[in-house]
Amino acid sequence: MKKRKIGTTDLEVSEIGLGCMSLGTDQNYATQIIDAALDAGINYFDTADLYDKGLNEQFVGNAIKHRRNDLILATKAGNRFERDKEGWEWDPSKKHIKSAVKDSLIRLQTDYIDLYQLHGGTIEDPIDETIEAFEELKQEGLIRHYGISSIRPNVIKEYVKRSNVESVMMQYSLLDRRPEEWFSLLDDHQTSVVARGPLAKGLLTKKPLSTAGEKIQEDGYLDYSFEELKVVLDKLSSHDEFKRPLSELALHYCLAHPTVAAVVCGASSIEQIEDNVRAVETNPLTEEQVALLKSLTKSSTYEQHRS
């Protein structure tokens, strides 16, 4: 599989990454999924300490401990929780992050994390203190690089301006083109996008729209009403210019933008992994096809947290 660099780093990641949140709660099956992903050429794995309150990291650690050198590992921090208590609290403090990374390293059974990400963020956070924590972790060799996972423009602007952040994980797809407004800013700072949700909760797959969840059938998806979804998905699926499965079109659309370093897809089966890998191994979209896709979909922007 083709690889791309994240930001200015030496991290060369597969164009498709595995989002580990959907691995489930069975260690054996989680290991099978991770092994299948590695065998298919995926080398980028993304988890978070909050997923199943550490259990997800533990599963990933058990699965990769004999293949650590074969992959690039990303996880996230910023949510303080206790395994035996309900809920969690947002805590981007230096004290918490420097404590949380040690817990993640134990669960992941590794000496270092390739990409450590802040799992959220608000403009009211002690941003300089958070950056200081990440920089110290780099100096200590516990992490190689750091990024943030955020869809808040005001937070993203502060981090690219004030830190050495290498990536921003953002929800991005043909049906959620909000990040595109900020690609030029990220390019100016040599910061990559790691795209999550490229298949828009399964809307951009072969699954019939009639099987969409009740919430989507009632409220639509983002700024698409359910009726608008019917129209746009029909156009994308039947247009003579494309003649590709919808999921293939969706993944290639994200990858058509050089700001995007990797597209992270969840997978609850080996078949899903194989389908995603096959999809990106086909020919990329032409500039004309990308322009056509943009004309068929909404160029939405973030309405909140802009300043």
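UniProt positions are given here in the numbering of this model, feature names are shortened, and annotations may be inferred rather than shown by experiment. The UniProt record, an unreviewed entry, assigns "domain: NADP-dependent oxidoreductase" to residues 15-296. The model is predicted: local features need pLDDT of at least 70, side-chain atom pairs count only at pLDDT 80 or more, and totals for chains, interfaces and linings use all residues. Residues are numbered from 1 along each chain as its sequence is written, and side-chain values use heavy atoms, with hydrogens and water left out.

Helices (H or I, at least four residues) and strands (E, at least two) are DSSP runs, numbered from the N terminus. By that assignment, the annotated span 15-296 is 41% helix and 17% strand. Its end C-alpha atoms lie 25 Å apart.

The strands come next. Two strands pair if DSSP finds at least two bridges between them. Eight strands close into a barrel, in the order β3-β4-β5-β8-β9-β10-β11-β12. The pairing is parallel. On average, neighbouring strands of this sheet are turned by 30 degrees against each other, direction ignored. Axes are lines fitted to C-alpha atoms, for helices over the stretch in contact, and angles run from 0 to 180 degrees between N-to-C directions.

Strand β12 spans residues 260-266. Six of its seven residues are buried; buried means under 20% relative accessible area, exposed over 50%, and partly exposed in between (1.4 Å probe, protein chains only). Strand β3 (residues 16-19) pairs with β12 in the parallel sense over four bridges. There, Gly17 stands opposite Val264. Strand β11 (residues 192-196) also pairs with β12 in the parallel sense, over four bridges. Val194 has Ala262 of β12 as its bridge partner.

Helix α3 (residues 94-108) lies across β5 (72-77), β8 and β9. It runs at about 130 degrees to β8. Helix α5 (residues 153-162) lies across β8, β9 and β10 (167-171). Its angle to β9 is about 150 degrees.

Thr122 sits in the loop between β8 and α4 (127-139). With a relative accessible area of 18%, Thr122 counts as buried. Leaving out residues up to four places away in sequence, Thr122 touches Ile127, Arg152 and Val155. Contact means heavy atoms within 4.5 Å.

Helix α11 (residues 287-296) has three named positions on its buried side: Gln289, Val290 and Leu293. Seen down the axis of α11, these fall within an arc of 100 degrees, so they line one face of the helix. The arc is that of the directions from the helix axis to the C-beta atoms. The face turned away carries the exposed residues Glu287, Glu288 and Ser295. The cover over the buried residues of α11 includes α8 (226-238) and α9 (246-255).

Cysteines were examined last. A disulfide is a covalent bond between the sulfur atoms of two cysteines. Here a disulfide is a pair of cysteine sulfur atoms within 2.5 Å. The structure holds zero disulfides. For Cys20, the nearest cysteine sulfur is that of Cys265, 12 Å away. Cys20 counts as buried because its relative accessibility is 1%. For Cys254, the nearest cysteine sulfur is likewise that of Cys265, 8.4 Å away. Cys254 is buried, with a relative accessible area of 0%.
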